[in-house]
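Please open the model in the viewer and keep the sequence panel beside it. The stops below are given in the order in which they may be selected.

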Amino acid sequence: MGGWSRSAVLELYRALLRAGRHLQYTDRNYYRRAVAGEFRRCQALTVSRDKEAALKRGQFFLSSRLGGLM
């Protein structure tokens with residue numbers, strides 16, 4: 001996922017939701033609502049630098065095993 005594109009964002013969204021299926025000590029519904037809410041909040045971003053930062057933040061969260069939740 002080299003840059004901001006619709007497919008990169010959707011791929012990240014799906015990967016985060018898939019990773020959330022394996023949560024044991026966190027409410028899965030809360031996690032799903034939090035991920036969806038964050039993506040909705042970032043949907044209104046207009047500056048490409050902000051979009052890139054949000055995408056990188058999501059990728060880091062996923063690569064760090066959901067910020068230590070797993």
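Begin with the largest pocket, where H2 supplies the largest share of the lining, eight residues. Helices here are DSSP runs (H or I, at least four residues), numbered from the N terminus. A pocket is defined on a 1 Å grid over the protein atoms alone, as an open set of points where a 1.4 Å probe fits, with protein on both sides within 12 Å along at least five of seven lines; lining residues have an atom within 4 Å of a point. This is a predicted model, in which local features need pLDDT of at least 70 and side-chain atom pairs count only at pLDDT 80 or more, while totals for chains, interfaces and linings use all residues. Residues are numbered from 1 along each chain as its sequence is written, and side-chain values use heavy atoms, with hydrogens and water left out.

Remain at the pocket and select Val-9, Glu-38, Phe-39, Arg-40 and Cys-42, which lie nearest its centre among the 23 lining residues. The elements that give two or more residues to this lining are H1, H2 and H3.

Next, select helix H1, residues 6-20. Its 15 residues reach 21 Å from the first C-alpha to the last, close to the 21 Å expected at 1.5 Å a residue; the expected span is 1.5 Å times one less than the number of residues. Colour Ala-8, Leu-12, Ala-15, Leu-16, Ala-19 and Gly-20, the buried residues of H1. They cover an arc of only 135° around the axis, which puts them on the same side of H1; the arc is that of the directions from the helix axis to the C-beta atoms. Buried means under 20% relative accessible area, exposed over 50% and partly exposed in between (1.4 Å probe, protein chains only). On the other side of H1, Arg-6 and Ser-7 are exposed.

What lies over the buried residues of H1? The cover includes helix H2 (28-43) and helix H3 (48-63).

Finally, select Arg-28, which is located in helix H2. Is Arg-28 partly exposed or buried? At 43% relative accessibility, Arg-28 counts as partly exposed. Beyond its neighbours within four places in sequence, Arg-28 is in contact (heavy atoms within 4.5 Å) with Gly-20, Arg-21 and Leu-23.
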